[in-house]
Amino acid sequence: MKDVITLVLGGGRGTRLYPLTKYRSKPAVPVAGKYRLIDIPLSNCINSGLNRVYVLTQFNSVSLHRHIRATYTFAPFDRGFVEILAAQQTNENATWYQGTADAVRQNLRYIQQPGVRLVLVLSGDQLYRMDFRDMIATHERSGADVTIAAVPVHSKDASGLGIMRLDETGRVTGFLEKPQTEQELEHVRTPPDWIDAHGVSSRGRDCLASMGIYLFNRDPLVQVLEKTNYQDFGREIFPASIRARHVQVHLFDGYWEDIGTIRSFYEANLELARVEPAFDLRTPQSPIYTRARFLPPSRIDGAVIRGSLVADGCEIGEGTIIENSVIGLRCLIGRNVVIRNSVVMGNDFYRGLGDEDSPADGLPPLGIGDGTVIEGAIIDKNCRIGRGVQAVNANGLQSTEETDCAMVRDGVLVVPKNAVLPDGWSLV
């Protein structure tokens, strides 16, 4: 693993995750109560023995940088690192990253260092657990120039994904982005009983979708980036590599979710709160790492909690009911509150630490006031929600205009970071 460099792409503006990306980049968005999305690929790297990692960032990256610096440090004798490569003006390039491939191109000097043989390219906003050593084994066994991870899907689910065509050896011979018609699907269908070299089967699913996880031999990657002006891996580098290089597929048959929209983020979080989630956080042999905050245990006083995740440092009042929800760090929840099917991200601080409200300002205190109902919603960090608030999309709206208080995206009510909902507030 010492000759493998990993590049984690920090993503673009994250417009489809707005307003969660109003003050932070996509990989910095909190998930499962106590983690951030960037913790997923970085934990997969550490659990795979890969500890030479660069994170390429650009938009709203301050909180992401702070989290990485506070979390990922290695012993000096280990020589491992997680370093940030932020977009910057240099003598060679005066522009920001124009795409995923361009971001790597502007940092070629880091992968051209001596001793680098393989380059693993990951996304910073996906939820999955993978041992990359298996992917490296596939790559080396096949003698490929490029290996791409693929997940089997049914053809009915292929219209929003990049679908690959293979030969009998698992070599990629074709690629089609988001096939929409039956005729297009026929060109990229895979036998539903296809089995790769590791014995992983597609189990009746007749399409293989790209996960956006690439393993390159270093020199071919450097050559294509230096000789072209391609800006994106998925749309340009990968299709061009199929034509000119040996591209092999690595079949992955585990949970994988691309957190690209408010709806996918919302559903992925609620899935984690189930009794037997498809992505289990309780896996001792491959844990998910995050910042150690040294918070006190959560205090729960006469509340009823069912099918939910509750993070550290929370205070939950008497008579409160929480069902099928994710409760984040330092949540301060009053009495007789009802929270159902919701993601509450919590707070970055407690009351009284330089943030105590004066009686004259009229603002609700930090947290969720007595008698409030929250259902089918995402409550971002550091919100002040008063008493008797109805944070419910009762009319089933799909989208509303942005306000300082709340908005609806993909049918989900979102209360942005630092928002204030006064006593008795409701959506309509």
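Visitor: How many positive and negative side chains does the protein chain have, and how far apart are the centres of the two sets?
Guide: There are 46 positive and 50 negative side chains, with the centres of the two sets 4 Å apart. Lys and Arg count as positive and Asp and Glu as negative, while His and the chain ends are not counted. Each charge is placed at NZ of Lys, CZ of Arg, CG of Asp or CD of Glu.

Visitor: What kind of model is this?
Guide: This is a predicted model, in which local features need pLDDT of at least 70 and side-chain atom pairs count only at pLDDT 80 or more, whereas totals for chains, interfaces and linings use all residues. Residues are numbered from 1 along each chain as its sequence is written, and side-chain values use heavy atoms, with hydrogens and water left out.

Visitor: How many helices and strands are there in the protein chain?
Guide: The protein chain has 9 helices and 30 strands. These are DSSP runs numbered from the N terminus: helices are H or I with at least four residues, strands are E with at least two.

Visitor: What percentage of the residues is buried?
Guide: Buried residues account for 54% of the 428 in the protein chain. Buried means under 20% relative accessible area, exposed over 50%, and partly exposed in between (1.4 Å probe, protein chains only). As for contacts (heavy atoms within 4.5 Å), 63% of those between residues at least 6 apart in sequence join residues at least 24 apart.

Visitor: Changing topic, how many residues of helix α1 are buried?
Guide: Helix α1, residues 39-47, is mostly covered, with 8 of its 9 residues buried. Among them are Asp39, Ile40, Pro41 and Leu42. Just after α1, Gly49 has a positive phi of about 80°.

Visitor: Which residues does Asn44 touch?
Guide: Asn44 lies in helix α1 and counts as buried because its relative accessibility is 1%. Residues up to four places away in sequence aside, Asn44 touches Tyr128, Arg129, Met130 and Phe132.

Visitor: Against which elements do the buried residues of α2 pack?
Guide: They pack against β3 (35-36), α1, β4 (52-57) and β5 (81-86). In helix α2, residues 62-71, the buried residues are Ser63, Leu64, His65, His67, Ile68 and Thr71.

Visitor: What happens at the start of α8?
Guide: A side-chain oxygen of Asp232 comes to within 3.0 Å of the backbone nitrogen of Gly234. Within α8 (residues 233-244), the buried residues include Phe233, Gly234, Ile237 and Phe238.

Visitor: Which backbone nitrogen does the side chain of Asp206 reach?
Guide: The side chain of Asp206 reaches that of Ser155, at 2.9 Å. Such a polar contact is a pair of N or O atoms within 3.5 Å; within protein, one must be able to donate a hydrogen and the other to accept it, and residues adjacent in sequence count only if both atoms are side-chain atoms. Asp206 sits in the loop between α6 (182-186) and β11 (207-217), and counts as buried at 15% relative accessibility. Apart from neighbours within four places in sequence, Asp206 is in contact with Val153, His154, Ser155, Arg189 and Thr190.

Visitor: Is Arg165 buried, partly exposed or exposed, and why?
Guide: Arg165 counts as partly exposed because its relative accessibility is 32%. Arg165 is in strand β9, residues 162-166. The C-alpha atoms of Arg165 and Ala209 are 9.6 Å apart, although 44 residues separate the two along the chain.
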